[in-house]
Amino acid sequence: MFKKTKLHAAISLVIQSMAMTALFFIFWAQKKSIARAFLAVAAIEGSAAAYLLYKIKKEKEETFDPGDVLDEDALNLDIDEGDITSCLSRVDEDNATPKSKVEIPKEDVVSDAEFDTGV
């Protein structure tokens, strides 16, 4: 049976079971003999819905494994705040200085001629 089909069937059985229970109380108040039949059908539908929901939950637990997504180090949540700050403040010395250093002139007045010639 498909996974979504099980869920839809379980939900419909729960709703039908609730409707049959309501009909049981209506017919029971009117002293009708069919009331017990509605109660029996409601109990059967409710137990079938509970079984399907249990199977769905069991399948989800079996298929999900946190070890598939995370490695052993990621599952260990024993983290010290010092570890985080030291990782953030660490600078790689090779990448600290750019490979090509360009000097930018800091003049207050720039002439239009410098922009035109590309100096």
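Which side chains meet in a salt bridge? I looked this up before anything else. The side chains of Glu59 and Lys6 do, at 2.5 Å from N to O. I took a salt bridge to be a side-chain nitrogen of Lys or Arg within 4 Å of a carboxyl oxygen of Asp or Glu. The pair links distant parts of the chain, with Glu59 in helix α2 (residues 35–63) and Lys6 in helix α1, 53 residues apart. By this rule I count 1 salt bridge.

**Ground rules**

I note that the model is predicted, that local features need pLDDT of at least 70 and side-chain atom pairs pLDDT 80 or more, and that totals for chains, interfaces and linings use all residues. I number residues from 1 along each chain as its sequence is written, and side-chain values use heavy atoms, without hydrogens and water.

**Entry: the chain as a whole**

I find 6 helices and 0 strands. From the N terminus on, the elements run α-α-α-α-α-α. Helices (H or I, at least four residues) and strands (E, at least two) are DSSP runs, numbered from the N terminus.

Of the 119 residues, 10% count as buried. For burial I use these cut-offs: buried is under 20% relative accessible area, exposed is over 50%, and partly exposed is in between, with a 1.4 Å probe and protein chains only.

The accessible surface comes to about 10900 Å², and 60% of it belongs to carbon and sulfur atoms. Accessible areas come from the Shrake-Rupley method with a 1.4 Å probe, and for residues only the protein chains shown count as cover.

I also looked at contacts, meaning heavy atoms within 4.5 Å. Among contacts between residues at least 6 apart in sequence, 58% join residues at least 24 apart.

**Entry: Lys6 and Glu59 again**

Is Lys6 buried or exposed? Lys6 counts as buried because its relative accessibility is 10%. Glu59 has 25% relative accessibility, so Glu59 counts as partly exposed. I also find the two side chains listed as a polar contact of 2.5 Å. A polar contact is a pair of N or O atoms within 3.5 Å; within protein, one must be able to donate a hydrogen and the other to accept it, and residues adjacent in sequence count only if both atoms are side-chain atoms.

**Entry: nonpolar patch**

Which residues make the nonpolar surface patch of about 520 Å²? I list Leu7, Ile11, Val14, Ile15, Met18 and Leu53. Helix α1 gives the most to the patch, with 5 residues. Patches are made of residues with over 30% relative accessible area and no salt bridge; like charges are joined within 9 Å, and nonpolar side chains (Val, Leu, Ile, Met, Phe, Trp, Tyr) within 5 Å. I checked Leu7, which lies in helix α1. Leu7 is partly exposed because its relative accessible area is 37%.

Ser17 is in helix α1, residues 3–29. With a relative accessible area of 11%, Ser17 is buried. Leaving out residues up to four places away in sequence, I find that Ser17 touches Ala42, Glu45 and Gly46.

I then took some C-alpha distances. Ala48 and Val14 are 8.7 Å apart in space and 34 residues apart in sequence. Ala48 lies in helix α2 and is partly exposed at 31% relative accessibility. Ala43 and Thr21 are 8.4 Å apart in space and 22 residues apart in sequence. Ala43 is also placed in helix α2, and Ala43 is partly exposed with a relative accessible area of 48%. His8 and Leu52 are separated by 9.8 Å and stand 44 residues apart along the chain. His8 is in helix α1 and counts as exposed, since its relative accessibility is 52%.

**Entry: aromatic rings**

How many aromatic pairs does a search of the whole structure find? I get 3 aromatic pairs. Phe24, Phe25 and Trp28 form one aromatic cluster. Rings of Phe, Tyr and Trp (its six-membered ring) pair if their centres lie within 6.5 Å; planes under 30 degrees apart count as stacked, over 60 as edge-to-face and the rest as tilted.

**Entry: Lys31**

I found Lys31 in the loop between α1 and α2. Phi of Lys31 is near 60 degrees, a positive value in a residue other than glycine. Most residues other than glycine have a negative phi. Lys31 is exposed because its relative accessible area is 74%.
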